[in-house]
Amino acid sequence: MRFRHRAAAGFATLLLPLAGLVGLASNAEAATNATATYTKTQDWGTGFGAQWTVKNTGTSTISSWTVEWDFPSGTSVTSAWDADVTSSGTHWTARNKSYNGSIAPGASVSFGFNGAGSGSPSHCTLNGGSCDGTTLPGDTAPSAPGTPTASDITDTSVKLGWSAATDDHGIKDYDVLRDGTKVATVTTTSYTDSGLTAGTDYSYTVQARDTADQTGPVSGSVAVHTTGGGTTPPPSGDTVKLGYFTEWGIYGRNYNVKNLVTSGSAAKITHINYAFGNVTNGKCAIGDSYADYDKAFTADQSVSGVADTWDQPLRGNFNQLRELKAEYPHLKVLWSFGGWTWSGGFGAAAQNPAAFAQSCYDLVEDPRWADVFDGIDIDWEYPNACGLSCDTSGNAAFRNLMAALRAKFGSNNLVTAAVTADGSAGGKIEAADYAGAAQYVDWYNVMTYDFFGAWDAKGPTAPHSPLTAYSGIPKAGFTTADAMAKYKAIGVPAKKLLIGIGFYGRGWTGVTQDAPGGTATGPAAGTYEQGIEDYKVLKSSCPVTGTVAGTAYAHCGGNWWSYDTPATIATKMTWARNQGLGGAFFWEFSGDTGNGELVNAISNGLS
């Protein structure tokens, strides 16, 4: 949250560097007796793999070659091989290496690259001439087909349909991609995919090819879950039901560990993330020593009903968590480090992951409280992207950090991470190697909230935690469904993904329109921060007036709020079960009612 924890998924992303690419190539001799053909070899939603193939169609040897093309804004090359590739704005140039410049008659050479974005090349030239060996200037690639729709879903098959792409020379055929891999090429705008596994999640996209064999951008994706099967939902005993407990909640909010008992929440959850430990000087550090292990709780504040004494070895929240675990032995507690305020320290940590992991292990396993914690959670907002500050540690930094933590903490401790839910094209998921890091974590807490809020002071009003897209959504890809589909498409197992629920609302004031999309004059007043308020307050002060995209909104006076309720949480938990997700987590306990009605909705929805 923005109060020491979260930022909008829509804050600025960091452009990926074009590492390892060298100087601008000059054009070689004109070659009208040669062709250059572009092929997209992989697609994972916000990025892709591709190659160019240069073929000598003439009768004499070509001594060198240069391929040039334009990408639309937002699409770029991130790494390349078998060619030297540079850019000037949106114009890209690839020149042969010393070992592959010569092409005999009838022979061909290829070079490949990885890219970001979803655009396709246009205005291609080969050694100054047309890439198709004619005098035609830069043929344009076809448009993206419409997002597929799925019907007739069975245990083993699904029927897909989509609206046609357009092209100046006509569409030749369509590639159908399942989870980013081509499974068929068809000449019509429909296809039935068979041989699937029952009870399994799939993601489908489509891309068009024109008569010049140019491939256009990939369509939007449709998620499909086949019927039958025994793998979804996961067994209830394996389902994670996790809540964040904030160290500072014991102050102004007067929310103590004992409240987990009196609200009934402790019996309905499986894990607690204690937030936050600091990250500074490349190491894990105490966040608030007084709250963590020094504050003396009175008998009425204590889980055990016994007051702390001045000379006992451990006091504070840590001792209260120890007492809680004694009463609820099933509970696991993780110490979460970072968060919105303290994520700036991860850049230094990433420079020496092993030293960082050692510091975290030494702190979490300190003999004074080693029995309290069952693992570590990393809340880095955001690797190789921007949150409160911007990180430039590179795509591999997050993976390296999680690998070091797993190596140090071993298999007997939990290692988890809170991660971005920015499912937009070119968004934060693409900035770091979340797929590579997944092998080292027990699960990801996908922060599927704070998509929209009153940091956009004039609106448009929009729900901060939409489950799915809706007509008029301010930014495509800012939904729970888009984020989960993107993680699964890059290879993160569904069982390692937890859906996130906010126990609070985000709101604007100066709003006259009840439905989403209205204008505003600024953030609505909140108890602790402008534009944000606990659910326990909003449920009575500004009751729900409508729902959109699986979540609720409320218009009262000039204020407009969006927040989740027990009913919308039930919808989201059903969706999470059908997607085969590993469970749910929420931020944070103190926003709930005194009888824990939101925790109860999560627990019932996942049981």
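Student: Which residues touch the most other members of the largest nonpolar core?
Tutor: In this predicted model, they are Ile272, Phe356, Ile378, Phe398, Leu405 and Tyr444, out of 100 residues in that core.

Student: And which helix gives the largest share of this core?
Tutor: That is helix α7, residues 397-409, which supplies 7 residues.

Student: What does Leu405 touch?
Tutor: Leaving aside residues up to four places away in sequence, Leu405 touches Phe356, Ala357, Cys360, Ile376, Ile378, Gly410 and Val415.

Student: How many residues are in the second, separate core?
Tutor: The second core has 24 residues, among them Ala34, Phe48, Ala50 and Val109.

Student: At what angle do α11 and α12 pack?
Tutor: Helix α11 (residues 566-578) and helix α12 (residues 597-606) pack at about 30 degrees, with axes 8 Å apart. The two are therefore roughly parallel, and α11 passes α12 in a right-handed crossing.

Student: Which residues make the contact?
Tutor: From α11 come Pro566, Ile569, Met573 and Arg577, while α12 contributes Glu597, Leu598, Ala601, Ile602, Gly605 and Leu606. By type, the contact residues divide into 7 nonpolar, 1 polar and 2 charged.

Definitions and conventions
Residues are numbered from 1 along each chain as its sequence is written. This is a predicted model: local features need pLDDT of at least 70, side-chain atom pairs count only at pLDDT 80 or more; totals for chains, interfaces and linings use all residues. Side-chain values use heavy atoms; hydrogens and water are left out. Axes are lines fitted to C-alpha atoms, for helices over the stretch in contact, and angles run from 0 to 180 degrees between N-to-C directions. Helices (H or I, at least four residues) and strands (E, at least two) are DSSP runs, numbered from the N terminus. Angles under 35 degrees count as roughly parallel, over 145 as roughly antiparallel, 65 to 115 as roughly perpendicular and the rest as oblique. A crossing is left-handed if the near helix is turned anticlockwise from the far one by less than a right angle, and right-handed if clockwise. Contact means heavy atoms within 4.5 Å. Ala, Val, Leu, Ile, Met, Phe, Trp, Tyr, Cys and Pro count as nonpolar, Asp, Glu, Lys and Arg as charged, and the others, Gly among them, as polar. A nonpolar core is a set of buried Ala, Val, Leu, Ile, Met, Phe, Trp, Tyr and Cys residues joined through side-chain atoms within 4.5 Å. Buried means under 20% relative accessible area, exposed over 50%, partly exposed in between (1.4 Å probe, protein chains only).
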